[in-house]
Amino acid sequence: MSIHSEKMIEIREALEKLSGDDRRSIVPMTYNLAADTWSGWEDAEQVAESDRTIGLEAARLNIELAEALGFGPERRKNGYWILGAHLLEAGDYEQAESAFTTSHEFTCQTDDEAAQVMTKGWIIASKLLRQEAAAETLEEIEHKLKTLGEDGVFYAAQYQPALEKFAEKS
């Protein structure tokens, strides 16, 4: 067992002892930790493998906590998205696609059209890295996102930097 796995077990055990309110406050922290350790952002520096491992575990913990606390889809969609992002970076494209699909299912239970389109794009990105989709399909998603306001423009700009970084690994 790695030191990271041991630490995550300790963290999970400590969380069990916390009140619901305290665990609720930790959910966004786990998302932020996962997001800050993903190197797919356009402006991301090189992230150490050990930090990415921690980020992947933080994404999983985010999902576990959100489910245990009964969070709705508007809060749960992000945990699955960041899990998919980490799995994409790890080269586990099928599991990434599965996480993005779950995120998409949660987005479809919200009124967030930009997030719905964005998660479709990440499903396609997973397929592109497996060479099972056409780039034109992702370009259509990017175009649609750009019509959906500021969030859409932000989301549309995320695909290419990640694909360029992660295509080198595939």
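Two residues are said to be in contact when heavy atoms of each lie within 4.5 Å. By this criterion, in the predicted model examined here, T37 touches V47, D51, R52, G55 and H86, leaving aside residues up to four places away in sequence. T37 itself sits in the loop between α2 (20-36) and α3 (49-68). With a relative accessible area of 8%, T37 is buried, because residues under 20% fall in that class. The side chain of T37 also reaches back to A34, whose backbone oxygen lies at 3.1 Å.

Side chains of opposite charge can pair when their charged atoms come close. In the case of R52, the partner is E49, and the two side chains meet in a salt bridge with an N to O distance of 2.1 Å. Both residues belong to helix α3, where they are three residues apart and therefore separated by about one helical turn. R52 counts as buried, at 15% relative accessibility.

Another joins E67 to R76, with the closest N and O atoms 3.9 Å apart. Here too the arginine is buried, R76 having a relative accessible area of 16%. A further salt bridge links R130 and E132, whose closest N and O atoms are 2.8 Å apart. These two residues take part in a network of salt bridges that also includes E97 and K127.

Notes. Residues are numbered from 1 along each chain as its sequence is written. This is a predicted model: local features need pLDDT of at least 70, side-chain atom pairs count only at pLDDT 80 or more; totals for chains, interfaces and linings use all residues. Side-chain values use heavy atoms; hydrogens and water are left out. Helices (H or I, at least four residues) and strands (E, at least two) are DSSP runs, numbered from the N terminus. Buried means under 20% relative accessible area, exposed over 50%, partly exposed in between (1.4 Å probe, protein chains only). A polar contact is a pair of N or O atoms within 3.5 Å; within protein, one must be able to donate a hydrogen and the other to accept it, and residues adjacent in sequence count only if both atoms are side-chain atoms. A salt bridge is a side-chain nitrogen of Lys or Arg within 4 Å of a carboxyl oxygen of Asp or Glu.
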